[in-house]
Amino acid sequence: MSSLAKQLKQLQIPGSLPSTATAKASKKASLLFDSKEAADIDNETVFSIGLNGLEELKVIEPAFSTFDNSLFGDTSKSLERALQSKDVNEKLDKHIAKFLQYLSPYFLLKPAHKVLEWLIRRYQIHVHNVDTLVTCILPYHETNLFSRVLQLLSIKDPSSKWNWLRPVQKASSPLSKTAFLQHCVSDPGFFSLICEMVKEGIKLEIPPSSLRVLFTFYTSTVVGVLDMLPKVTERFINQLLPYLLEGLKSALPEMVASSYMITAQLCSKCNMEETLVKSLTDSICKNLKPRITIEGLSCLTYICQSQGVKKLSKR
């Protein structure tokens, strides 16, 4: 090797010798395209794809128009996160978090993939908004699309909240229901996150019908965890109870029905203290909904039968 070549190798001058930096530059993170193919697609084209996806989503749910001038405005095409102030980036993160909450019920639809392509390209949400992105796609953890998004995330660091998904990421496979529930059982913080997803989702100004995916995910998760637990501990009940009582009082019949199912499963797994039984029965009696009165009465009957309640207290 010549003296000049040796010097170039030591300096690793871009363009003179292959380097990790130049190799990465030839690729771009993408949901719709192969990483090398994505590198040949300019930002303007990706913006057009994202904008088209947004227009399609607005036909399904007009509330998406909220993001016309923020995440999908013309000024966004020139925005570089690295050059923005902390305040600007924090505001941007809030917009992205809200958008991903809106998007979650529609994640399996093609328009959702188009808007995500723009958010990945322009805002690098797979780097800067990992928590909100994973939360958005968690209800679909058994799908190949979940696996596809997971491939884009950097979760190698053991301190990452999502490092436990690393084996799934390496395998390029969906996350099985069993593995998901086992993590809910072993990590109380993660289980609380699932419960909080519903609480936050209800606050969104979108039709309850759009939240059905979230309600179904929440119900199947909690019921599944209860079924998997060898014993329902007092600690677990204390963790679940605030969400359960709030659900029984909800103005949304779908949320109330979900809470009925969880209550019934809880009753089948343990003998509860009298004060807890009273709290549950009082909440059900005081918040019966016309559309689901039969379901409410059925839940009350099951509580009484499983917990040996002979008489309900007067309201």
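Two residues are in contact here when they have heavy atoms within 4.5 Å of each other. Among contacts in the chain with a separation of 6 or more, 68% are between residues 24 or more positions apart.

The mean pLDDT of the chain is 89, and 90% of the residues reach 70 or more. Residues 6-26 have a pLDDT below 50, and beyond near neighbours in sequence this stretch has twelve contacts in the model. Where pLDDT is low, the predicted coordinates should not be read in detail.

Now take the chain as a whole. The chain has 17 helices and zero strands. Along the principal axes, its C-alpha atoms fill a box of roughly 95 × 45 × 35 Å. The chain has 315 residues, and 45% of them count as buried.

One pair of helices can be followed in more detail. Two packed helices are described by the angle between their axes and the distance between the axes. Helix H5 covers residues 86-103 and helix H6 covers residues 110-123; they pack at an angle of about 165°, and their axes are 12 Å apart. Angles over 145 degrees count as roughly antiparallel, so H5 is roughly antiparallel to H6. The crossing of the two helices is left-handed.

Which residues of H5 and H6 make the contact? From H5 come Leu 92, Ile 96, Phe 99, Leu 100 and Leu 103, and from H6 come Ala 112, Val 115, Leu 116, Leu 119 and Tyr 123. Sorted by type, the residues of this contact are ten nonpolar, no polar and no charged.

How values were computed
Residues are numbered from 1 along each chain as its sequence is written. This is a predicted model: local features need pLDDT of at least 70, side-chain atom pairs count only at pLDDT 80 or more; totals for chains, interfaces and linings use all residues. Side-chain values use heavy atoms; hydrogens and water are left out. Axes are lines fitted to C-alpha atoms, for helices over the stretch in contact, and angles run from 0 to 180 degrees between N-to-C directions. Helices (H or I, at least four residues) and strands (E, at least two) are DSSP runs, numbered from the N terminus. Angles under 35 degrees count as roughly parallel, over 145 as roughly antiparallel, 65 to 115 as roughly perpendicular and the rest as oblique. A crossing is left-handed if the near helix is turned anticlockwise from the far one by less than a right angle, and right-handed if clockwise. Ala, Val, Leu, Ile, Met, Phe, Trp, Tyr, Cys and Pro count as nonpolar, Asp, Glu, Lys and Arg as charged, and the others, Gly among them, as polar. pLDDT is the predictor's confidence in each residue, from 0 to 100. Buried means under 20% relative accessible area, exposed over 50%, partly exposed in between (1.4 Å probe, protein chains only).
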